[in-house]
Amino acid sequence: MKKQFIVLSAIVALILGFIPGCSPKYALGSKDQPIVVLYENDVHCYVDGYAKIAAMKRETLNKTPYVSVVSSGDYVQGGTLGAASKGEYIVEIINAVGYETLTLGNHEFDYGVQRLGELSGLLNTDIVCCNLIDLRTGNLMYKPYKMVTYGKTKVAYIGVATPYSFISARPVYFQDENGKMLYSLCAENFYENIQKTVDRARGEGAKYVIALTHLGVDAFDEINSENMIPNVSGIDVVLDAHSHSVIPGKYIRDAKGKEVLLTSTGSYFENIGKLTISPKGKFTSELVPVSKYMLADTGVQAIIEDVKARYAEEGNKVIGKSLVTMVTDDEDGPRAVRFKEMPLGDFCTDAIKNYMNTDICLMGGGSLRAPLMEGALTYNDIFKLFPFGNTIATGTMTGRQIVDALEFSVYVLPVEFGGFLQVSGLKFEVDCQTDSPCSVDVNKIFSGFISDKRRVRNVQFEKAPGVFEPIDLDRKYTVSGTNFLLQEHGDGYAVLDGTTFTDTGVCDRDILLAYIQEVLGGVIPATYDKPAGRITLNY
């Protein structure tokens, strides 16, 4: 009987060794099997990649039973399918893939904390976040980590959200009616909080700790992944998000000198990340370009197509045409609309200023999320450009308040900033060689001016089309812009404290649609083929 068992085992091993996609070294049923973690970040509703990551999961299961799919955040916002359903379409697709766990990106808060809770309840898995606290109770709102057992190996997935979520989502989502903060993302004790979480996971038997971080590597955010790693010990791998960076894999030493693997996939399902943990504890990562991965899970793809069909009738309706292409990126870099004047910013601020009949319009470049291409325009195009559904507020500001706001908008140049102001009704110059006089607190919220030096110079008001005069610091001007900026002081605009604005309730998308159809006769003119010369940056 013993000989028969040995022969049968040998035959099974031989057969598994020849199954397509099944490595003889890690044949199913053997003790030496790797753990594979498929990861993504900053998908922003680009849903077709979900069918591919599901197919990769299925394919990898032919090689090892230990396969998980995770996300480092920003999945429910940034595209029409997310905005149209306030995230529910995206959750439906994520459930079809079968994720192990996810963490929170700053744009998971875009529909409000209450809606985030509803979406969390619809997910078939856990969200992890170790630094989101309800200040009314002092309790974490999500599990700080999820422990997953692969065979006899325990892996802890820790979730970390950027503290700057509170300035990129609507501030009122995090405040009571008196403006008191209801939630905290632990900016004041950020690294200590993560260390406690890692220590707790290790204490519960985690052999490996993987951090799902929505922090990014931007210099603007001092609390970022590259600064986190040297301030914490006990993390093995950081799967990062937020800055849309493509990082196949780099090593940074932690607080005890141990090398930690940092990786990120980019954005919009440009890549699928594949982290492999060998039986001997070696970590390797690779990025698989989605465009070159030909497999797609038919079941998940069917759900994606069903979701698209539910949305398509309204979204594909032609609403006009454009004689010019207006982009958010250019030769100076991605998301250029966040650090220089762009024709798209000129066009959108012109539309709102015209529709609201104000002297000036101010709009953060971070509100402009997609290009408008030459040719036929659909509602879908407008939805992609303005996915957040901000309403427009109007009010008055003195010339001095306007100049102060412009000063804050350029305080981190040449680094990109979602609050960099695109403008209509103004033109000005920026001396980028002068240090910014703006100070900010730990949450990147404006806290005052620390000197009399100014970067912003020669601010002029357009009193008639093409006719400018120096701005009068004491005069009051009518101003329009998103409620996110003007009422809620998003992007850290506490410099606007003391101003009063009224929310008109009119959605930015509806204004753009009306401007194109009613004012421009359905045609965006070719005059928007280059910047209008409203912002001059002197380096």
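Axes are lines fitted to C-alpha atoms, for helices over the stretch in contact, and angles between N-to-C directions run from 0 to 180 degrees. Helices (H or I, at least four residues) and strands (E, at least two) are DSSP runs, numbered from the N terminus. The model is predicted: local features need pLDDT of at least 70, side-chain atom pairs count only at pLDDT 80 or more, and totals for chains, interfaces and linings use all residues. Residues are numbered from 1 along each chain as its sequence is written, and side-chain values use heavy atoms, with hydrogens and water left out.

Helix 2 (residues 49-60) packs against helix 9 (residues 298-315). Their axes come within 8 Å and cross at roughly 165°. Helix 2 is therefore roughly antiparallel to helix 9 (angles over 145 degrees count as roughly antiparallel, under 35 as roughly parallel, 65 to 115 as roughly perpendicular and the rest as oblique). The crossing of helix 2 and helix 9 is right-handed, that is, the near helix is turned clockwise from the far one by less than a right angle. Tyr50, Ala51 and Ala54 of helix 2 touch Val300, Gln301 and Ile304 of helix 9 (contact means heavy atoms within 4.5 Å). This contact holds 5 nonpolar, 1 polar and no charged residues. Ala, Val, Leu, Ile, Met, Phe, Trp, Tyr, Cys and Pro count as nonpolar, Asp, Glu, Lys and Arg as charged, and the others, Gly among them, as polar.

Helix 2 also meets helix 4 (residues 88-97). The axes of helix 2 and helix 4 come within 9 Å and cross at roughly 15°. The two helices are therefore roughly parallel. Their crossing is right-handed. Helix 2 contributes Tyr50, Ile53, Ala54 and Lys57, and helix 4 contributes Ile90, Ile93, Ile94 and Val97. By class, the contact has 7 nonpolar, no polar and 1 charged residues.

Strand 24 (residues 456-464) pairs with strand 21 (residues 426-431) (pairing requires at least two DSSP bridges). The two strands run antiparallel and are joined by 4 bridges. Val430 has Val456 in strand 24 as its bridge partner. Strand 24 is also joined to strand 25 (residues 467-470) by 4 bridges, again antiparallel. Glu462 stands opposite Phe468 in strand 25. The hairpin of strand 24 and strand 25 has 2 residues between the strands, and Gly466 takes a positive phi near 80° there.

Helix 12 (residues 399-409) is mostly covered, with 9 of its 11 residues buried (under 20% relative accessible area, with a 1.4 Å probe and protein chains only). The buried residues include Asp404, Glu407 and Phe408.

Note on methods. Buried means under 20% relative accessible area, exposed over 50%, partly exposed in between (1.4 Å probe, protein chains only).
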